[in-house]
Amino acid sequence: RIEFLFQREFEPERFYVHRVDPFILVGERHPQVSLPVIFGYYGELLPKLYATFQREFGDPLELKPVRGLLPIVLYTRRESFEKWWMRAYGEMPPSAVPGAYSYMERRVGLYHDRNRNLSSITSMEILLHEAIHQIVHFHYRERMSQDRPQPWWFQEGLATYFEGFKQNGREIVIDPSATTSRLPAAKELVVGE
C-alpha cells in the first residue's frame, strides 16, 4: 500500500492521500492548508492532462496505459520540502524552485506556499510540467534500456508543451497551445542566435 511508503517520511497523522488514476496524491497535513480542496483541484486537472497526453502521443505511438500509480507529494512546510530535495538531489533546492520530478524516486515533489494562490497559472504550470516528466519517464522505462539516458531536450520539451491549460467557466482544458509563459525567453534566445 502506498500509505506504507510514506509512513517512513511522514507520521501517519501527518499525511493525506487522494487517488486520481494513474496518480496518487500525497499531502503533508498543515492546519492552514486544506488538502481536500487542493487535491480536488488537482483531481480535475491531472486526468485531463493524462487524457490529452494519451490522445496526442500515447495513442499514435501505441503506448500502453500507465499501470500502477505515479506519486505526487505536496509538501506544506518548506523544511519538509528541503529535506526531501536534499535526499533526492544531495543539495538544497534553489529558493525559486517549488517542485521537481525525482527520476531516482520516480515521484514529483511540490512545495505549496500558503501565500501563493492555489489556482495561479504558475502553480498549475509546475504541476502539469512535473507530471508530464513522470508520465514520459514511465513510458521511457517501459520501452528503453535503463542504460540509455533519456534525452534532456525531449523531456523538457514535452513538459513545457503540456504546461498550457485554459479555464472555460468551470471546465479546465489542457491546451498545449496556451503555453505562453516561456515565450519571451524563447524569443530572446532566438534573436540572440
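This is a predicted model: local features need pLDDT of at least 70, side-chain atom pairs count only at pLDDT 80 or more; totals for chains, interfaces and linings use all residues.
Let's start with the strands. The model has an open sheet of 5 strands with mixed pairing, and the order reads β1-β2-β3-β5-β4. At the edges you'll find β1 (15-20) and β4 (99-102); each has a single partner strand, so one side of each is left without a neighbour in the sheet. Going from one strand to the next, the twist averages 20°.

Both kinds of pairing show up around β2. With β1, the pairing is antiparallel and runs over 6 bridges, and a hairpin of 2 residues makes the link between β1 and β2. In this pair, R19 sits opposite I24 in β2. With β3, on the other hand, β2 pairs in the parallel sense over 5 bridges, and V26 stands opposite V73 in β3. As background, strands of a sheet pair through backbone hydrogen bonds, in either a parallel or an antiparallel way.

## Helices on the sheet

Helix α2 lies across β1, β2, β3 and β5, and its direction is at about 155° to β2. Helix α3 (residues 78-89) also packs on the sheet, where it touches β2, β3, β4 and β5. The angle between α3 and β4 is about 35°.

Now for a residue in α3: Y89. Setting aside residues up to four places away in sequence, Y89 touches W84, A100, Y101 and S102.

Leaving out neighbours within four places in sequence, its contacts are F23, L25, I72, L127 and A131.

How many cavities of 30 Å³ or more does a search of the whole structure find? The search turns up 1. The volume of the largest cavity is about 120 Å³. Its lining has 12 residues, of which Y42, P98, Y111, H112 and S123 are the closest to its centre. Both β5 and α4 supply at least two lining residues of the largest cavity, and α4 gives the most, with 3.

Then there are the pockets. The second largest pocket comes in at a volume of about 250 Å³. It is lined by 12 residues, and L61, L63, V136, H139 and F154 lie nearest its centre. The lining of the second largest pocket takes at least two residues from each of α2, α4 and α5, with α4 giving the most, 4 residues.

Definitions and conventions
Residues are numbered from 1 along each chain as its sequence is written. Side-chain values use heavy atoms; hydrogens and water are left out. Contact means heavy atoms within 4.5 Å. Two strands pair if DSSP finds at least two bridges between them. Axes are lines fitted to C-alpha atoms, for helices over the stretch in contact, and angles run from 0 to 180 degrees between N-to-C directions. On a 1 Å grid over the protein atoms alone, a cavity is a set of points where a 1.4 Å probe fits but cannot get out, and a pocket is an open set with protein on both sides within 12 Å along at least five of seven lines; lining residues have an atom within 4 Å of a point. Grid points are joined across faces, edges and corners, and a volume is the space filled by probe spheres set on the points.
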